[in-house]
Amino acid sequence: MAARRVAIIGAGASGLCALKCCLDEGLAPTCFERSGDIGGLWRFEELPEEGRASIYRSVIINTSKEMMCFSDFPIPEDFPNYMHNSKIMEYFRMYARRFDLLRHIRFRTSVCRVSKRPDFATTGQWEVVTESEGKQEVAVFDAVLVCTGHHTEPHLPLSTFPGLEKFEGWYLHSRDYKSPQSFSGKRVVVVGTGNSGVDIAVELSHAAKQVFLSTKRGTWVLHRVADGGYPFDFCYISRFTQLLRSLLPHNASNFLVERKLNARFNHALYGLQPRHRALDQHPTINDDLPNRIISGRVLVKPNVQEFTETSAIFEDGTREDIDAVVFATGYSFSFPFLEGCAKVVENQIPLYKFMFLPDLEKPTLAFIGLIQPLGAIMPAAELQCRWATRVFKV
């Protein structure tokens, strides 16, 4: 009996892991990658590529190497605990070579359409249309793994910022930010206090004349280094802490975490006190923000109420002259190649265990990495791939 054929869309962290798990289960994978290299989100390029996530030059991962590595391929001991994007790419290349994954990847090949075969109800097969160098090709696969991630389409809600159309400076989404050089001597507003917004504000504060960090709801800020100098996630994301959280009332868990975070710096005093509890939303991770705030290099502001030709007016009534705006307002995602199968509404898609479409007659389509875990996505994606490939094998 011939091995079941699996199409994998995307050769980032999840796609590489999907290839490895398919091979482990005796499946026959083919990975389609629209760019010319592996790495997805973690491969830095000077110019953002269409349909691919884009990072800035200085990005360092927020999870330690002990917590982010794949289970069967430890990260080398001489690599730092928290890796620069270039070291992450080095690890991915080592992983791909070790398990001979590259020969299963078709680079510079876009997936145009994934549709059910006429006999899908009995076979579960998919027709996959791809395009490479202007030529389309059609192939039939027994299963599909979608590994495209959810940081590709910038969410830029310009209509919620009155007056931006007459602003005489320049603005951009964090996806287009690469380095601080062009902001030297400028007064800059960064909108958004997620990981990208805070990282960019901190980096800009070393080059810009003044940085204003605008936050709508505030945020809880974690730091990479825990007590004793060990990585934060290595110390606090464990079976024991999960057991403790399951035993304690939710309010008690929040109280303990918030007390720990406020012991480092009082979020209310720094203008970052959020409306939500610490465990109710994804936190922001940054080691340098308190230092930049206390030295005046970053000034925390409430949400922008409106823009004028040369300034930003904030909801507290203050006005600041500015030269540029960086919108770190997140991303939206969609799957245009999945004809009528996966409908995304308000950045949400109903999936069983965050992986399978519940209404499909056959479970031969799975989404990998379409999650936002508290911690590294690589081990979670590996578990997802293991489960999906075993379902496909049945």
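Trainee: How many aromatic pairs does the structure hold?
Mentor: Keep in mind that this is a predicted model. Rings of Phe, Tyr and Trp pair if their centres lie within 6.5 Å. The count of aromatic pairs in the structure is 23.

Trainee: Is the pair of Phe167 and Phe307 stacked, edge-to-face or tilted?
Mentor: The ring centres are 5.9 Å apart. Planes under 30 degrees apart count as stacked, over 60 as edge-to-face. The planes of Phe167 and Phe307 meet at 45°, so the pair is tilted.

Trainee: How many residues apart are Phe167 and Phe307?
Mentor: Phe167 sits in the loop between β8 (153–154) and β9 (170–173). Phe307 belongs to strand β15 (residues 304–307).

Trainee: Is Phe307 buried or exposed?
Mentor: Buried means under 20% relative accessible area. Phe307 has a relative accessible area of 0%, so Phe307 is buried.

Trainee: Which residue lies over the face of Tyr82?
Mentor: For a charge over a ring, CZ of Arg must be within 6 Å of the ring centre. Here the distance from the ring centre of Tyr82 is 5.8 Å. The residue is Arg224.

Trainee: How many charged residues are in the lining of the second largest pocket?
Mentor: That pocket holds about 210 Å³ of space. Its lining includes Asp199, Glu203, Arg224, Asp287 and Asp288. Asp, Glu, Lys and Arg count as charged. Beside 4 nonpolar and 2 polar residues, the charged ones number 5.

How values were computed:
Residues are numbered from 1 along each chain as its sequence is written. This is a predicted model: local features need pLDDT of at least 70, side-chain atom pairs count only at pLDDT 80 or more; totals for chains, interfaces and linings use all residues. Side-chain values use heavy atoms; hydrogens and water are left out. Rings of Phe, Tyr and Trp (its six-membered ring) pair if their centres lie within 6.5 Å; planes under 30 degrees apart count as stacked, over 60 as edge-to-face and the rest as tilted. Helices (H or I, at least four residues) and strands (E, at least two) are DSSP runs, numbered from the N terminus. Buried means under 20% relative accessible area, exposed over 50%, partly exposed in between (1.4 Å probe, protein chains only). A charge sits over a ring if NZ of Lys or CZ of Arg is within 6 Å of the ring centre and within 35 degrees of the ring normal. On a 1 Å grid over the protein atoms alone, a cavity is a set of points where a 1.4 Å probe fits but cannot get out, and a pocket is an open set with protein on both sides within 12 Å along at least five of seven lines; lining residues have an atom within 4 Å of a point. Grid points are joined across faces, edges and corners, and a volume is the space filled by probe spheres set on the points.
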